[in-house]
Amino acid sequence: MQALEELTQDYAAWWIDFLGEHNHVGGEDATRWLLERSRLSAGDLMLDCGAFVGASARYVAQRAGVRAVAADVNPDFLVAGRRLQGGSLVEWAPADTRRLPFRDGAFDSVWSLDSFVAPREMSRVAASRSTVCLCCETPIDNRGGLESFIDEWREFGWEMAAHRSLTMDALQTWRRAEAEMVGKRRLYEDRYGTRPYLGQLDLVGYLVQAYERGGMGHSLIVFARG
Ligand SMILES: C[S@@+](CC[C@H](N)C(=O)[O-])C[C@H]1O[C@@H](n2cnc3c(N)ncnc32)[C@H](O)[C@@H]1O
């Protein structure tokens with residue numbers, strides 16, 4: 001994991017420290033849950049949008065013989081990912097999810113786990129018979145609830161095939177991160193610098209409050225079409 005440790009030094013950020021390699025709520029268990037419902041099989045092509053060090057792409061390549069492409073706006077994350085276990089099995093592509101450099105209908109499954117979600121662009125690069133796998137914040141309040149989120153994807157031809165709420169997991173994850181950051185203030189202040197430390201603590205504190213008052217939900221979702 002040396003490549004990940006080096007990254008932690010270069011990019012001092014709470015989300016790298018607290019979420020680790022599978023950098024999303026639910027960690028590797030969530031990745032496995034999505035793979036089991038993704039309808040991917042050996043030889044299929046998967047795109048991991050906002051892949052960070054490509055933990056999900058490397059996971060599906062190693063476990064299911066899937067051909068995986070890991071895309072991220074930050075090329076340094078991709079360079080580190082290539083050096084981690086399974087990195088040679090994956091194709092690494094610097095790319096913004098808002099404008100993906102792939103042809104229409106190229107992928108059998110398109111993933112975005114706790115990264116930017118772009119329904120139109122992700123739908124464009126997905127094949128006519130394919131899935132979209134998400135780990136993301138979902139509305140649960142008066143913004144229309146989960147239904148409004150599902151409706152947005154329906155506009156692009158998707159029907160929800162599987163859903164698991166991770167709202168309590170997200171709340172626990174952010175609470176743990178907040179407690180760790182406060183309890184080990186000196187360590188994280190030294191590591192991030194005083195102002196960035198306070199900024200990141202504010203952000204984690206905001207997330208805790210939002211989840212506590214029921215203003216935000218977190219979900220694993222698989223959409224399918226075709
Ligand atoms: C919290 S990490 C999640 C990483 C990864 N999906 C995982 O589950 O391990 C968010 C990642 O999204 C990337 N990202 C954010 N906005 C993006 C965008 N518009 N296009 C591509 N990548 C993006 C960041 O660079 C970062 O690596």
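In what order do the seven strands of the open sheet run? In this predicted model, the order is β3-β2-β1-β4-β5-β7-β6, and the pairing is mixed. At the edges stand β3 and β6 (159–165), each with a single partner strand, so one side of each has no neighbour in the sheet. From one strand to the next, the twist averages 15 degrees.

Let's start at the β3 end. Strand β2 (residues 67–72) pairs with strand β3 (residues 90–94) in the parallel sense, over five bridges. To get from β2 to β3, the chain goes through helix α5 (residues 75–83), and this β-α-β crossover is right-handed. If you want to find the pairing on screen, Val69 has Glu91 in β3 as its bridge partner, while Ala70 stands opposite Trp92 in β3.

Over by β6, helix α7 (residues 145–154) lies across β5 (126–138), β6 and β7 (217–225).

| Element | Partner | Angle |
|---|---|---|
| α8 | α10 | roughly 145 degrees |

That last row deserves a bit more detail. The axes of helix α8 (residues 167–183) and helix α10 (residues 194–212) come within 9 Å, and α8 passes α10 in a left-handed crossing. On the α8 side, the contact includes Leu171, Trp174, Arg175, Glu178 and Met181. Across from them, α10 brings in residues including Leu201, Val204, Leu207, Val208 and Tyr211. By class, this contact counts ten nonpolar, two polar and three charged residues.

Now for the ligand. How many residues surround the ligand, and which are the closest? There are 21 of them, and the closest are Asn23, Gly50, Phe52, Leu113 and Ser115. Sorted by class, the shell around the ligand has nine nonpolar, eight polar and four charged residues.

Note on methods. Residues numbered from 1 in each chain as written. Predicted model: local features only at pLDDT ≥ 70, side-chain atom pairs only at ≥ 80, totals over all residues. Axes fitted to C-alpha atoms, helices over the stretch in contact; angles between N-to-C directions. Helix = DSSP H or I, 4+ residues; strand = E, 2+ residues; numbered from the N terminus. Left-handed = near helix turned anticlockwise from the far one by under 90°. Contact = placed C-beta atoms within 7 Å. Nonpolar A, V, L, I, M, F, W, Y, C, P; charged D, E, K, R; others polar. Pairing = 2+ DSSP bridges. Right-handed = clockwise from strand over helix to strand, strands pointing away. Near = placed C-beta within 6 Å.
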